[in-house]
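I opened a notebook page for this model and kept the entries in the order in which I looked things up.

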Amino acid sequence: MVHIENLVKRYGSMVALDHLNLDIREGEIFGLLGPNGSGKTTAINCMLALLKYDKGTIRLFGEEMQPDSYDLKRQIGVVPQNVAVFEQMTVRENIDYFCSLYVPQKAERKKLVEEAIAFAGLEDYQKMLPRKLSGGLLRRLNIACGIAHRPRLIILDEPTVAVDPQSRNRILEGIVELNRQGSTIIYTSHYMEEVEQICTRIVILNHGRSIASGTSEELKQMIKTGETIVIEGVDLKEEQQEAIGRLPHVFEVTYSAQKTLTVKCTSAQHNVVRILNYLQEQNAAFGRVLSELPTLNDVFLEITGKELRD
Amino acid sequence: MMRLYLSGLLRMARDRSELFWGLLFPVIMATLFFVSFGIGMDPEKMSAVPAGLVSEENGMFETFLTGMDEGILDLEKMDGEQALDALRAGKISGVFYGGSEPSLTVAASGIEESILQTLLSSYLEHEAMMKQIAKEHPEKLFSAAAQLSGYPDLLEHVTATGRSMDTNLGYFYALIGMACLFGTFGGLDTSVEIRADQSALAVRRSVAPVHRLKLVLSGMLANFTLQFASVCLLLLYLNMLGLSFGDKWFLLLPVCALGSLTGVAFGIFVGSLKMRYGFKVGILVSSTLAMSFLAGLMFVNMKDIVEHHAPIINRVNPAALIADAFYSVAVYDNPARYAVNLALLAAITVLLTAVSFLRLRRERYESI
Amino acid sequence: MKVYRGYMRIVARNIGLLCMYIGIAVGIALISQAGMEEQASGGFAALRQPVAVIDREGGFLGKALTGYVEQEQKLVRIKDEEQAIQDELFYRNVSCVIIVPEGAEEAFREGRAALEIIQVPGSAAEYYMDARINSFLNQIRVYCAGGFSMEEACERALALAQSEPSVTLLDVNGNKGERPAYNLFFQCLPYGLMGGLIMCLSTVILEFKKKEIERRVHCSPVPLWVQNLAAIGCFLTVGSAVWAVCMAVQAIQYAGGIFTSPNAVYYILNSLVCMATAMSLAYLAGMMAKHAGTLNGISNVITLGLCFLGGVFVPIEMLNGGTKKVSVFLPTYWYSKINGILGDFAQLNSELLRTVWQGLFIQILFSAACFGVTMAVVRARVRE
């Protein structure tokens with residue numbers, strides 16, 4: 001559905017997109033994950049023919065996207081990063097206005113607007129002006145304005161920034177529902193938990209380049225870390241730490257001043273048991289024990305050496 | 001297109017502070033102008049000019065001056081030194097010296113001094129006339145003297161077609177020109193709502209399947225509607241204050257309409273330029289002020305001076321064209337000049353709109 | 001200090017914009033001065049205007065009038081067609097057209113308005129020109145009443161017009177009775193200062209009035225009085241810079257300008273006080289406006305209103321009585337009054353000085369009142 005090949009975009013001497021290649025298939029929820037400044041929004045804006053780019057090709061629905069490709073635009077819904085609604089129009093009027101840009105027929109549009117309001121959970125706020133809405137409700141309005149016309153392709157650029165958890169869950173559920181109803185979704189975010197939760201395929205961007213792509217599971221299998229074990233309140237000497245490091249499947253041991261032991265292991269059974277057995281043999285007391293499976297943050301960290309939220 | 005236009009109008013109508021000030025500013029300005037100099041101010045309504053009279057005698061000149069209307073001359077008899085001191089201190093505008101050869105001493109050459117000079121000239125001319133008549137036709141002396149008691153106005157002030165004029169009308173016409181140009185800010189907002197590098201709202205509108213020209217025109221027309229209503233309100237108000245627009249006042253409506261459209265188009269054009277929002281506002285503020293000034297807003301002769309030194313400016317300055325069109329209808333009744341002004345306004349509007357559209361359509365940005 | 005620095009950073013970031021505003025305002029003041037000078041030189045009565053006489057009767061009256069105009073003004077010959085008359089007026093080839101219609105002499109003898117005069121509205125000296133022409137015509141009428149024939153009356157009136165009254169000009173201001181050019185610039189200075197400063201300073205205030213920034217500043221441990229002081233500091237800095245620019249401009253433009261005047265100190269004081277007024281109005285306008293478009297309207301109303309009512313563009317002498325009753329409460333009125341005194345008199349006696357100080361004091365009072373009201377409004381809004 002969306003094909004990006006060798007895309008290069010520079011802002012002066014800074015390379016924002018560095019030979020980016022993306023392929024988005026119809027029907028998937030495609031996640032574009034990366035830290036701030038990685039090029040997610042730039043890629044989206046190039047895709048929508050808003051930005052000039054230096055090199056590469058972008059094709060949507062098999063055609064090259066231009067600023068006056070109105071037939072293509074009719075099939076796309078955009079939820080920009082910043083809330084883009086009219087301050088002087090009510091919730092209902094805003095949704096109706098933006099829907100009318102895609103659906104000129106009044107009767108059909110009325111039905112779509114009702115559905116969008118219900119979808120976003122804005123029934124009680126229809127007659128309110130945007131300045132009276134909370135951040136979460138504003139974001140929901142922002143989304144409703146972008147999807148009311150039931151587009152084939154929906155692009156959501158960081159839709160949950162500064163949103164309360166309740167609204168966030170609702171938004172994520174709604175996106176999944178939209179996909180279930182037939183829309184292809186491109187979802188950009190720097191919140192890995194959201195991307196992990198809803199995206200069927202993920203690309204991780206860093207410095208304008210795709211550094212990893214695949215499903216969530218595929219990405220996690222790319223890295224060494226299979227399990228991270230954290231033991232709190234444990235007193236260990238240096239030789240004991242080294243001994244733990246020599247245990248099977250253990251490849252990294254960190255011991256903090258707060259007496260917290262962090263052990264990274266490759267994927268295997270009984271990693272926790274082995275470590276606890278050792279501690280028991282050493283008569284070392286310990287507090288809480290936590291075992292975490294790898295996250296996309298771990299994927300990003302291993303590949304780049306930085307946290308996703310740096 | 002109608003939907004876009006109506007929703008634009010609705011948004012503007014709901015922005016109460018913009019609406020309020022947009023309608024009210026020209027009305028407030030008109031009131032201030034009216035209070036400042038009203039409609040029809042002439043020297044008879046000015047305050048009496050203070051002057052001193054230095055004379056030992058009580059002759060004709062002294063009688064002439066003391067008999068003057070107190071509304072014109074505030075005369076006080078003084079001795080020589082006292083009078084000059086008063087003149088130097090600014091308490092009086094001139095010192096008349098009586099006797100056989102009346103004269104005047106002044107300290108400046110402004111309006112009041114010119115009035116005193118005119119009084120002296122008037123007396124000396126009367127005196128010379130009476131002497132000649134007394135010498136050559138003494139029998140007619142009394143009937144001639146009777147004519148001196150009050151000069152009738154032998155000049156009828158007319159326009160070319162017989163309408164009277166008031167020099168202060170120029171201020172009001174320039175004000176109407178300025179009021180038309182207030183629409184520039186609405187035009188700027190229209191542009192900002194279309195340029196994707198200026199607002200998130202513009203991003204959303206840019207990715208919608210709507211022709212740019214429709215967005216530009218609908219925004220332009222919505223702004224124009226409000227602006228034109230504001231200018232019509234101003235005309236009604238001016239008419240209430242006593243400003244007459246002549247018999248063919250309806251011809252002024254197309255002028256106001258085109259003027260308002262030009263203002264909005266100019267705002268859209270400036271909005272389409274690549275610079276930050278604050279600077280665009282600055283350009284609009286400065287240019288509308290400059291255009292209104294050159295049309296005679298602060299100094300009514302300005303349009304005249306520009307016409308003498310650089311007439312091309314008056315042909316491209318929308319405020320001057322609007323003021324000129326008003327002159328053509330209300331003062332000169334010159335249909336050809338009126339038509340030329342309208343045509344120039346229309347040409348400017350079309351040019352600005354076309355250039356704006358060309359800049360706004362098919363546009364991709366360096367950064368957003 | 002930090003708040004003050006914040007203000008100055010905003011000023012620095014908008015310096016191009018601020019220069020544009022100041023440039024336009026001061027430019028308007030300069031051009032207005034040039035226009036006023038052209039109008040004022042030699043007094044109204046001394047200007048010779050291009051005048052056309054259309055004599056449709058062909059009698060003595062028309063010939064006399066033509067002769068008078070040739071003598072006193074600049075006679076221009078034009079076609080006797082309505083379109084031609086309008087065009088000549090429109091293109092300012094003539095500033096007035098006098099028409100002597102058929103039967104003018106009869107109407108003239110009866111003392112009725114016998115001749116038509118069509119003038120260019122807004123042209124210089126029109127007032128006095130038609131008064132002088134009317135006076136000339138009435139002299140002919142008096143001669144006729146005095147027994148002279150129309151021909152003789154016209155000849156005598158023409159001869160009379162050549163005589164000049166004895167008028168002595170006492171040079172009390174060192175400039176032969178005319179206000180020096182820099183004085184006219186200073187007359188227009190309130191527009192330059194107010195117009196420029198209101199837009200500049202209000203633009204800065206609008207930045208700090210942005211909702212989130214205002215909230216952040218009010219939540220800080222910086223007391224309100226310190227914040228206000230910082231704002232005043234910024235205003236003084238910008239205002240002083242603008243004032244200095246104006247002083248430099250007039251010194252360059254008029255070869256020293258006020259610094260060559262014996263009343264230099266009072267010029268400086270008057271302009272500084274005007275600057276204070278402009279700053280107080282800028283503060284008020286900035287607090288009232290919500291965004292730039294509204295600010296423009298408020299600025300125009302305040303600036304133009306004060307300038308017109310206060311005798312800046314229209315001389316105080318030309319204001320009617322009713323208007324003056326309102327104007328005496330305005331700072332621009334007193335500014336113009338002081339400027340007029342400084343232009344008309346090289347030596348200021350005690351009475352004139354009293355008027356000058358009175359005017360300065362009233363302007364300062366106005367500024368203080370304006371500042372006070374605005375601060376009270378700001379305080380009330382913060383509490384809200």
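**Entry 1. Salt bridges.** Which residue's side chain meets that of Glu26(A) in a salt bridge? I looked it up in the model, which is a predicted one, and found Arg152(A), with 3.5 Å from N to O. I then checked where the two residues sit along the chain. Glu26(A) lies in the loop between strand 2 (14-24) and strand 3 (29-33) of chain A, while Arg152(A) lies in the loop between helix 5 (135-147) and strand 7 (153-157) of chain A. The pair links distant parts of the chain, 126 residues apart.

**Entry 2. Which chains touch.** I went through the chain pairs next. Two pairs of chains are in contact, and chains B and C share the most contacts. Chain A and chain C have no contact joining them; their closest C-alpha atoms are 12 Å apart.

**Entry 3. Chain C against chain B.** I started with the residues involved: chain C gives 100 residues to the contact and chain B gives 101 residues. The size of an interface is often given as the accessible area lost when the parts come together. For chain C and chain B I wrote down a buried area of about 9100 Å², with 64% of it from carbon and sulfur atoms.

I then turned to the charged pairs. There are two salt bridges between chain C and chain B. I looked up Glu136(B) and Arg156(C), which form a salt bridge with their closest N and O atoms 2.8 Å apart. Polar contacts across the interface of chain C and chain B come to 18 residue pairs, with both residues at pLDDT 80 or more. On the side of chain C that touches chain B, helix 6 (residues 126-145) of chain C gives the largest share, 14 residues. I sorted that side of chain C by class and got 51 nonpolar, 32 polar and 17 charged residues.

**Entry 4. Strands that pair across B and C.** I looked for strand pairing between the two chains. Strand 4 (residues 103-106) of chain B pairs with strand 5 (residues 167-169) of chain C in the parallel sense, over three bridges. Val106(B) has Leu169(C) as its bridge partner there.

I also found an open sheet of five strands with mixed pairing, in the order 5(B)-4(C)-3(C)-1(C)-2(C). Its edge strands are strand 5 (155-157) of chain B and strand 2 (74-76) of chain C, each of which pairs on one side only. On average, neighbouring strands of this sheet are turned by 30° against each other, direction ignored. Strand 5 of chain B runs parallel to strand 4 (residues 115-119) of chain C and is joined to that strand by three bridges. In this pairing I noted His157(B) opposite Ile117(C). Helix 3 (residues 60-72) of chain C packs on the sheet and touches strand 1 (50-55), strand 2, strand 3 (96-100) and strand 4 of chain C. The direction of helix 3 makes about 170° with that of strand 1 of chain C.

**Entry 5. Chain B against chain A.** How many residues of chain B are in contact with chain A? I got 29 residues of chain B, against 39 residues of chain A. The buried area between chain B and chain A is about 3100 Å², and carbon and sulfur atoms give 59% of it. Arg204(B), Pro209(B) and Arg364(B) supply 28% of the area that chain B buries against chain A, more than any other three residues.

I counted three salt bridges between chain B and chain A. One that I looked up joins the side chains of Glu366(B) and Lys9(A), at 3.6 Å from N to O. Residue pairs in polar contact between chain B and chain A number 13, both residues at pLDDT 80 or more. Helix 1 (2-14) and helix 9 (200-206) of chain B are the elements that give two or more residues to the side touching chain A. By class, that side of chain B has twelve nonpolar, four polar and 13 charged residues.

**Entry 6. A sheet in chain A.** Last, I looked at an open sheet of four strands in chain A, with order 12-13-11-14 and antiparallel pairing. Strand 12 (250-255) and strand 14 (289-292) of chain A are the edge strands. Strand 11 (residues 227-232) of chain A is joined to strand 14 by four bridges, and Thr228(A) has Glu292(A) as its bridge partner.

Methods: Residues numbered from 1 in each chain as written. Chains lettered and ligands numbered in written order. Predicted model: local features only at pLDDT ≥ 70, side-chain atom pairs only at ≥ 80, totals over all residues. Heavy atoms only, no water. Contact = heavy atoms within 4.5 Å. Buried area = accessible area lost by both parts, 1.4 Å probe. Salt bridge = Lys/Arg side-chain N within 4 Å of Asp/Glu carboxyl O. Polar contact = N/O pair within 3.5 Å; in protein donor to acceptor, adjacent residues only side chain to side chain. Nonpolar A, V, L, I, M, F, W, Y, C, P; charged D, E, K, R; others polar. Pairing = 2+ DSSP bridges. Axes fitted to C-alpha atoms, helices over the stretch in contact; angles between N-to-C directions.
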